[in-house]
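The sequence and structure come next.

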Amino acid sequence: MELFLERLITGLTNGSIYALLALALVVVFRGTGTLNFAQGELALFTTFFAWWLTTESIPVWIAIIASLIAGFVLGALIERLLIRPVQRRNDMAVLIVALGLFTGLNSLAGLIWGSETKIMPSPFPNGIDDFVSVGGARLYFDALGVVGALVALMIVLTLLFRYTRVGLHMRAVADNAESATLAGVRTSRILAIGWGLSGAIGALAGVLVTPLSPQQLGLTSMFHVFIAASAAALFGGLDSLTGAVVGGITIGVLEAMLTGYVSFIGGSLQQTSALFIIVAILFLRPNGLFGTKRLVRV
Amino acid sequence: MTTIDDTAAPSTAKPGARPGGKPKGPRFLVVQGTLPYRGLQLGAVLLVALLLLWASGLPAFRMGQITNVFIIAIAIAGLNLVTGYTGLLSIGHSAFFGLGAYTTGILIVKYEFAPLSTIPVAIGLCFVLGLLVGLPSLRIHGLYLALVTLAVAVSFPEIVRRAEELTGGAAGMVVRSRFLAPPEWTGLVRAERGIWMFWFSAAVLAVVMLLCRNLVRSRFGIAMRATRDNEIAAAANGISVARTKIVAFGISGAITGLAGSLFTMYMGALSPDGSFTLLKSIEFITGLVLGGVATQIGPLVGAFAVVFLPYLTASYTEGPLAGVVFGIVLIVIVFLMPEGIVGRVGILARKVVHIVPADHPRLGRADREGPPEPARAEQ
């Protein structure tokens with residue numbers, strides 16, 4: 001039972017991280033209709049930035065806020081300067097730009113801060129003794145903090161989309177950009193804000209995941225997270241915030257349980273098995289669990 | 001070769017159909033099947049043969065690089081069928097490449113097959129894997145289908161690492177060079193493996209490019225492009241969209257698997273994290289887009305770009321800066337040459353020489369024609 005709870009907690013924690021990055025992907029998809037392949041590397045870059053600030057003896061919380069702002073600015077700039085000019089042409093062009101950013105941002109982080117592994121301080125107490133016992137299982141505060149951050153972000157995003165003018169405009173643009181423009185929404189500004197928002201969410205995911213992960217902060221830290229997050233976003237239906245969260249947590253828990261209980265899979269096939277279960281579910285629900293079915297007019 | 005018209009109908013003999021008195025447009029109009037056209041074709045073949053002869057005289061290291069280019073070009077040609085002509089984005093082709101490579105490696109090392117006799121097995125296995133990957137396209141579309149290919153790409157290295165007794169696991173697998181010696185009938189000795197692989201890859205690439213060209217022009221190829229351009233219209237015209245997608249995935253996987261098989265013979269060493277990760281898929285997609293999506297020789301040009309660009313950027317800069325430059329070059333090319341290198345050269349060449357089929361309906365006004373093949377994929 002203890003073991004089960006501990007695995008469940010690990011799964012929930014990892015799942016929350018996947019869900020965070022998946023949320024970033026969903027926000028971009030709703031605005032622009034593409035999967036941002038560079039989302040993970042963008043998060044990596046801002047996390048390095050936050051780490052660099054902490055080495056300049058800036059408190060970790062301020063560093064995190066600064067990295068969120070950096071993520072916002074970077075995301076908005078990328079949309080403005082790189083994505084928008086090629087967007088009209090075709091999806092493949094957007095994809096290649098994203099792949100270019102993927103390589104470029106990763107190498108840029110390596111160029112500025114070096115490729116050796118860094119230790120990113122956690123914003124939450126993360127000593128050996130910082131845990132509470134739940135049914136015998138150890139619930140560490142930093143894991144709790146990650147789940148808390150996800151819940152808080154979900155609340156903020158829901159409030160943003162439901163009750164603010166910008167949120168309303170974002171929903172309008174996602175639904176039908178042309179009609180939104182005709183109704184007076186400044187579509188281009190909204191798109192930039194959407195990318196900026198997702199950049200900031202990605203930055204949050206980055207600074208939260210690296211203190212927890214065994215590899216700490218290296219140039220490959222975000223790759224696995226990105227794979228899991230994109231699977232989560234697709235699983236949830238790409239355009240649904242709830243779907244992204246459910247998808248992320250499902251993948252996290254699935255991974256932890258499969259690794260723990262199915263000895264054949266062990267530690268070596270976890271990504272494979274999680275992805276294949278998702279493909280199987282997609283077979284039953286081709287637009288993801290919460291995705292809206294797109295009607296095609298002939 | 002760049003100017004071979006893609007939409008060509010079988011060139012019926014209709015000699016001397018040269019139009020006269022065009023107001024403006026391309027300086028030369030070449031009709032398919034006429035003497036000048038044959039001359040151009042012959043010239044292109046001769047030029048390629050001369051280039052190959054020149055390259056075979058290069059130092060071993062350069063020749064190895066060019067062999068690598070040929071192998072990557074075969075892999076990209078496979079990807080081009082499914083992503084370029086059928087419009088299904090695949091980020092899983094590294095798995096086909098890997099499956100082909102490991103099939104050849106395992107058969108040679110564990111079962112002592114001759115290298116060449118492993119190729120049919122590799123092609124067959126990759127064809128079946130391709131059908132399996134294509135199968136979800138019955139229900140799953142667009143980016144969701146890309147997720148299926150992503151799953152395949154991510155799981156391949158994990159499975160290789162897991163199946164340790166067969167593949168050597170994470171440590172990798174070495175194929176001894178005595179197994180990879182050129183076949184006896186070539187008259188080459190074991191030390192001349194580089195030359196053998198160079199000519200062999202070049203020959204395979206030529207065959208693959210010819211096959212792809214014919215496939216794309218065939219009834220099935222038309223079905224592929226129709227599926228890409230408008231799935232509903234294609235279905236309404238009696239094309240079995242699902243079958244087209246599944247078979248396209250199968251053929252595409254088989255060709256990329258063939259490239260993997262050659263890769264084993266060329267490298268002689270395999271490791272799951274070396275050449276068969278998602279990054280390899282990204283390299284293929286990059287090459288395809290740089291060269292020109294849905295063009296005949298785009299894969300070859302793209303392969304040159306992805307093999308030599310990193311060397312080029314690395315020779316002026318060091319370490320991570322090379323990656324930054326590579327990323328920037330990629331983005332700049334998308335901005336300046338969205339049709340890819342071949343597409344752009346084709347547009348330029350059409351201003352000078354325009355090749356039209358003999359039964360072109362508007363032969364006299366061929367200069368009004370747009371590019372025959374919109375070098376775009378839908379998704």
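## Chain B overall

Among contacts in chain B between residues at least 6 apart in sequence, those that join residues at least 24 apart make up 76%. The model is predicted.

Chain B contains 14 helices and four strands. It has 379 residues, of which 46% count as buried.

## Helices H3 and H11 of chain B

Helix H3 (residues 93-111) of chain B packs with H11(B) at an angle of about 110°, and the two axes are 7 Å apart. Because angles of 65 to 115 degrees count as roughly perpendicular, H3(B) and H11(B) are roughly perpendicular to each other. Their crossing is right-handed.

On the H3(B) side, the contact is made by His93(B), Ser94(B) and Phe97(B). H11(B) contributes Leu278(B), Lys280(B), Ser281(B) and Phe284(B). By type, the residues of this contact between H3(B) and H11(B) are three nonpolar, three polar and one charged.

## Contact between chains B and A

The contact of the two chains involves 36 residues from chain B and 38 residues from chain A. Three helices of chain B each supply at least two residues of the side that touches chain A: helix H5 (142-162), helix H11 (278-291) and helix H13 (320-336).

What is the make-up of the side of chain B that touches chain A, in nonpolar, polar and charged residues? That side has 25 nonpolar residues, six polar and five charged.

Key:
Residues are numbered from 1 along each chain as its sequence is written. Chains are lettered from A and ligands numbered from 1 in the order in which they are written. This is a predicted model: local features need pLDDT of at least 70, side-chain atom pairs count only at pLDDT 80 or more; totals for chains, interfaces and linings use all residues. Two residues are in contact if their C-beta atoms, placed from the backbone, lie within 7 Å. Ala, Val, Leu, Ile, Met, Phe, Trp, Tyr, Cys and Pro count as nonpolar, Asp, Glu, Lys and Arg as charged, and the others, Gly among them, as polar. Axes are lines fitted to C-alpha atoms, for helices over the stretch in contact, and angles run from 0 to 180 degrees between N-to-C directions. Angles under 35 degrees count as roughly parallel, over 145 as roughly antiparallel, 65 to 115 as roughly perpendicular and the rest as oblique. A crossing is left-handed if the near helix is turned anticlockwise from the far one by less than a right angle, and right-handed if clockwise. A residue is buried if 20 or more other C-beta atoms lie within 10 Å of its own, exposed if 12 or fewer, and partly exposed in between; C-beta atoms are placed from the backbone.
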